[in-house]
Amino acid sequence: MLTAWVEQLLGFASGALETIRANEYYPTMMAWARAEGVEHCGGSLDLAQALAPLIWNQTPLVRRDFDTEPLAEPQRDEPCWCDSGRLYRDCCARVEMPSVIPGHLMWMLSLREWRGETLKTALDSRKAPPQALLEAGIVSAESGNNGRAQQILESLFAGDRDWAVLEEQIEPAFEILVDLYQERGFHRKRAALVERVMAEGPGFLRGAALERLCLMHLDSGDLASARDAFQSAQRTLPDSPSLAYIEAMVLLHEGNVGKARQRAAFWWRRLSRQHHLDPDQLEFIAELADDPQAALAEQVIHSEEALAGPLTALQALLHTQQRPPRLELAHSEEGALLYEPSSREASLYSGWADACEVEIDEDAALGFLGDPWVTAPQWLQALCANPEWLDAPRVMQALTLALASRFGSLPWMVDTFFTPLAERYGFWLNQLEDAGGSFSWHDADNATLLRTGLALVIGMERGAGQEARKLAQRLLALDEEDSLGLRELVIDQLLREGNDEQALAVSEQGPEGTEMLGVQMGRVLALYRLSRREDALAVLREVYSANPYILPILCEDRPRPARLGDDMPEPGTRAEAWQYRQLMRDQWLASEGALDWLARQRRALS
């Protein structure tokens, strides 16, 4: 009954609004209510006439600078305000509304409809109710109008609004706006909003910002800063249920599955005593305590309704796939190993390309000429209906790249997608190794297989570091030119495993150059750990000459962050030094005396 009323109310209000915008005067709107509004009220003229004045009274009018022009409710013995000619007591006063009409309804609908300068002026007027802003932003975002949603929600944070009295609107608006900034690539705006909320916001909003900051650090791989942000959030909002799964995420990024399970159990015991907690949240925390990786993976898969079914089907497909057919390989006269797609593989890829509609960027190590996730529901369904497509390396390449671009930063997604793909890819890699010969990126269609391997390394790096490192080393042995830039990743992982001698050996192989900051700094750290301080200093001098930002950014406890774009930072820049700090400062901290030694060299070299 209530659902039907809500549909009637929205239909009536939307039709009334269209009429009001054409002629912002009450008689015109009242005439519409009698002629057409009745259809939205189940044929009841009395309900349409009683509803019309209530809707009119809360409608902002452009001609009045977005103020309303409310009618005074008549006394019982006065003529009814619907202009029926009857007394109020005998007309609209007799009509009982099925439910309360939200006082912000017409503002919300207006914000959804206004465009351009009108919308901007309406928002600048600061007359829109906060709940109308929140709901209009949510509806706009859900309907794909992200620019409108962002503009509307930003107005909640504009000027000198008292955020403390807007708790019901400001916290969900903050969460949605941060997501919009992330989705639309407005990383500076996202960072600025988080920083402003942390500096000026009330406690509940600072806690939400700290939680977001923690997730942002996890996305960028800065685990030390992520843990600092989590601990600050824990002090600010000690009973927030979201802290349970944020801590699980931090621990899984740190590779500590057992501790993640233990802490989730602790949170369940603590939060289960709070009777106001949502039962669904408590059930999810219990699932975290049982299997944190599976719980988080399932949450990710089901986070978007349109993708939940196709991704679940893909997961099942990958875990049941058999060994792929052998590749057709050849050798050049110089002995180089060559791969070219067979006619069957080309035909299989053609089917995939028709479904995906987005091509690989052949000029880049990773990437597409567009966003493959726009058409993901259709290509996921098509792939699951045609599993033989995975026999084609180009399809494997595209699928692995797409999955790495979306899930590569989430360590709990490794077993879901990347482990079975890596097992399948391993059969081809064995064949390449058995065939012998150099396997250059620039020969034949070798790049397809190498690019697939790189995407798998990226997908597994955070959740299965040793497996990712072993795969990267196998690829390095095939492609000695290191076209994929895997040497730095291998060195970093070896240092994390404590294999300093092997890390040093890898750093001294292959192409050298001061522009390879991660390789050079990996060599410095390995030499330091091996107590070869003079050799370490000699390499450090080369690094400092190429990038003078590296020492201050690595040594200082809280340096000013650098803005990182989507592309790799330019060699010698502050951004390059900041990226290295995010990836590897924890290893310098874990090496006894290493940062103090760096600080001394910084003073000597400055």
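Against which helices do the buried residues of α15 pack? The answer is α12 (242–253), α13 (257–271), α14 (279–290), α16 (305–318), α19 (393–407) and α20 (414–435). Helix α15 itself covers residues 292–301, and its buried residues are P292, A295, L296, A297, V300 and I301. Here buried means under 20% relative accessible area, exposed means over 50%, and partly exposed lies in between, with a 1.4 Å probe and protein chains only. Packing is judged by contact, meaning heavy atoms within 4.5 Å.

The model is predicted, so that local features need pLDDT of at least 70 and side-chain atom pairs count only at pLDDT 80 or more, while totals for chains, interfaces and linings use all residues. Residues are numbered from 1 along each chain as its sequence is written, and side-chain values use heavy atoms, with hydrogens and water left out.

The chain as a whole may be considered next. It contains 29 helices and 2 strands. Helices (H or I, at least four residues) and strands (E, at least two) are DSSP runs, numbered from the N terminus. Of the 606 residues in the chain, 49% are buried. The C-alpha atoms fill a box of roughly 100 × 60 × 50 Å, taken along the principal axes. Among contacts with a separation of 6 or more, 63% join residues 24 or more positions apart.

Several pairs of helices can now be followed. Two packed helices are described by the angle between their axes and the distance between the axes. Axes are lines fitted to C-alpha atoms, for helices over the stretch in contact, and angles run from 0 to 180 degrees between N-to-C directions.

Helix α6 (residues 130–142) and helix α7 (residues 146–154) have axes that come within 7 Å and cross at roughly 165°. The two helices are therefore roughly antiparallel to each other. Angles over 145 degrees count as roughly antiparallel, those under 35 as roughly parallel, 65 to 115 as roughly perpendicular and the rest as oblique. The crossing of α6 and α7 is left-handed; a crossing has this hand if the near helix is turned anticlockwise from the far one by less than a right angle, and is right-handed if clockwise. From α6, the residues L133, L134, A136, G137, S140 and A141 meet N146, R148, A149, I152 and L153 of α7. By class, this contact has 7 nonpolar, 3 polar and 1 charged residues. Ala, Val, Leu, Ile, Met, Phe, Trp, Tyr, Cys and Pro count as nonpolar, Asp, Glu, Lys and Arg as charged, and the others, Gly among them, as polar.

Because 13 of its 18 residues are buried, α10 is largely enclosed by the rest of the structure. After α10 comes G221, whose phi is positive, near 85°. Helix α11 (residues 223–236) packs with α10 at an angle of about 160°, with the axes 8 Å apart. That makes α10 roughly antiparallel to α11, and their crossing is left-handed. The residues of α10 in this contact include G203, L210 and C214, and those of α11 include L223, A229 and F230. The contact has 9 nonpolar, 6 polar and 2 charged residues.

The axes of α20 and α22 come within 11 Å and cross at roughly 35°, in a left-handed crossing. Y425, G426, L429, N430, L432 and E433 of α20 make the contact with L471, R474, L475 and L478 of α22. These residues divide into 6 nonpolar, 2 polar and 2 charged.

Most residues other than glycine have a negative phi. D83, although not a glycine, has a positive phi of about 65°. D83 lies in the loop between α3 (45–57) and α4 (105–113), and is exposed, with a relative accessible area of 62%. The C-alpha atom of D83 is 8.8 Å from that of P27, 56 residues away along the chain. P27 belongs to helix α2 (residues 26–35) and counts as exposed, because its relative accessibility is 59%. E357 is likewise not a glycine and has a positive phi of about 70°. This residue is found in the loop between α17 (343–356) and α18 (376–385), and at 56% relative accessibility E357 counts as exposed.
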